[in-house]
Each structure stands twice: as structure tokens, then as C-alpha cells.
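Please keep the sequence and the 3D view at hand while reading.

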Amino acid sequence: MTPVIGKKVLIVEDERHIGMPLKFNCEAEGYDATLVEDGPSAIRQFESNPAAFDLVILDRYQNRDILPPAYFDNIARYVENGGALLLASGPELMMPPPL
């Protein structure tokens with residue numbers, strides 16, 4: 001396996017029981033992982049240094065807040081500039097709507 005020392009991952013996950021194991025496993029593989037729990041925190045990370053991350057793992061379904069359009073603008077620019085994005089979500093999106 002190729003070492004990934006120095007590669008940085010931003011994990012955007014609002015559920016700690018999911019985000020913390022993701023962070024732990026990324027770090028166990030040699031990544032420098034940053035976990036943020038909401039869209040506004042992720043926007044601050046991007047605004048401070050948009051090229052700082054080699055990969056973003058994004059929970060598309062955020063329970064606590066609706067993600068603002070500026071968040072997706074930042075993500076779009078990140079991907080357009082060669083950033084890697086892993087879009088993830090929980091089973092909520094696979095469940096049928098309530099009757």
C-alpha cells in the first residue's frame with residue numbers, strides 16, 4: 001500500500017457516532033483528518049484555505065441545518081480545481097416517505 005502521509009481529508013458529518021470512526025480510520029491509514037459537524041464549519045475551512053484538502057467526505061444529509069447555497073458553491077469550486085469528493089448519506093434517503 002502506498003503511504004498517504006501528508007494527505008489531508010475534510011470529513012463533514014453531523015453525527016458523531018459516524019464522523020469519529022471515519023476520522024479514526026482515515027488517520028489509521030495515514031491521512032491527516034479534520035472532522036467538522038456542520039455546513040457553516042465546512043465553509044469556514046474552505047474559506048481559510050480552499051486547497052488545503054486532498055479529499056472531502058461529505059454527508060449530504062445534514063440533520064441540524066439546511067446547507068446553504070454558498071456551501072455547495074465552495075464544494076463545486078473545490079471539485080472543479082481537481083479536489084476529490086466522496087458524497088455519502090445515511091439510510092434516510094432510501095426510506096419511503098411517511099404516509
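Strand 3 and strand 4 run parallel and are joined by five bridges; strands count as paired if DSSP finds at least two bridges between them. Within this pair, Asp 59 faces Ala 88 of strand 4. The model is a predicted one, in which local features need pLDDT of at least 70 and side-chain atom pairs count only at pLDDT 80 or more, whereas totals for chains, interfaces and linings use all residues. Residues are numbered from 1 along each chain as its sequence is written, and side-chain values use heavy atoms, with hydrogens and water left out.

**Overall composition**

- The protein chain contains three helices and four strands; helices (H or I, at least four residues) and strands (E, at least two) are DSSP runs, numbered from the N terminus.
- Along the sequence these elements follow the pattern β-α-β-α-β-α-β.
- Of the 99 residues of the protein chain, 31% count as buried, where buried means under 20% relative accessible area, exposed means over 50%, and partly exposed lies in between (1.4 Å probe, protein chains only).
- Among the contacts in the protein chain with a separation of 6 or more, 73% come from residues 24 or more positions apart; a contact means heavy atoms within 4.5 Å.
- The protein chain exposes about 6,500 Å², and carbon and sulfur atoms supply 60% of this area; accessible areas come from the Shrake-Rupley method with a 1.4 Å probe, and for residues only the protein chains shown count as cover.

- Four strands form an open sheet in the order 2-1-3-4, with parallel pairing.
- Strand 2 (32-36) and strand 4 (84-88) are the edge strands; each has a single partner strand, so one side of each is left without a neighbour in the sheet.
- From one strand to the next, the twist averages 15°; axes are lines fitted to C-alpha atoms, for helices over the stretch in contact, and angles run from 0 to 180 degrees between N-to-C directions.
- Strand 1 (residues 8-12) is joined to strand 3 (residues 55-59) by four bridges, and the two run parallel.
- Between these two strands, Ile 11 has Ile 57 as its bridge partner, and Val 12 stands opposite Leu 58.
- Strand 1 also pairs with strand 2 in the parallel sense, over five bridges, and here Leu 10 is opposite Thr 34.
- Four of the five residues of strand 1 are buried, so this strand is largely enclosed by the rest of the structure.
- Strand 3 is likewise mostly covered, with four of its five residues buried.

- Helix 2 (residues 39-48) lies across strand 1, strand 2 and strand 3 and runs at about 135° to strand 2.

**Salt bridges**

- The structure holds two salt bridges, each defined by a side-chain nitrogen of Lys or Arg within 4 Å of a carboxyl oxygen of Asp or Glu.
- One of them joins Arg 16 to Glu 37, with 2.3 Å between the closest N and O atoms.
- This pair links distant parts of the chain, since Arg 16 is in helix 1 while Glu 37 is in the loop between strand 2 and helix 2, 21 residues apart.
- Arg 16 is partly exposed, at a relative accessible area of 47%.
- Lys 23 and Glu 27 also form a salt bridge through their side chains, at 2.5 Å from N to O.
- Both Lys 23 and Glu 27 lie in helix 1, four residues apart, which is about one turn of the helix.
- Glu 27 is partly exposed, with a relative accessible area of 35%.

**Leu 87 and the surface patch**

- Val 79, Leu 85 and Leu 87 make a nonpolar surface patch of about 250 Å². Patches are made of residues with over 30% relative accessible area and no salt bridge; like charges are joined within 9 Å, and nonpolar side chains (Val, Leu, Ile, Met, Phe, Trp, Tyr) within 5 Å.
- Leu 87 belongs to strand 4 and, at 54% relative accessibility, counts as exposed.
- Leaving aside residues up to four places away in sequence, Leu 87 touches Leu 58 and Arg 60.
- The C-alpha atoms of Leu 87 and Asp 59 are separated by 6.2 Å, although these residues are 28 residues apart along the chain.
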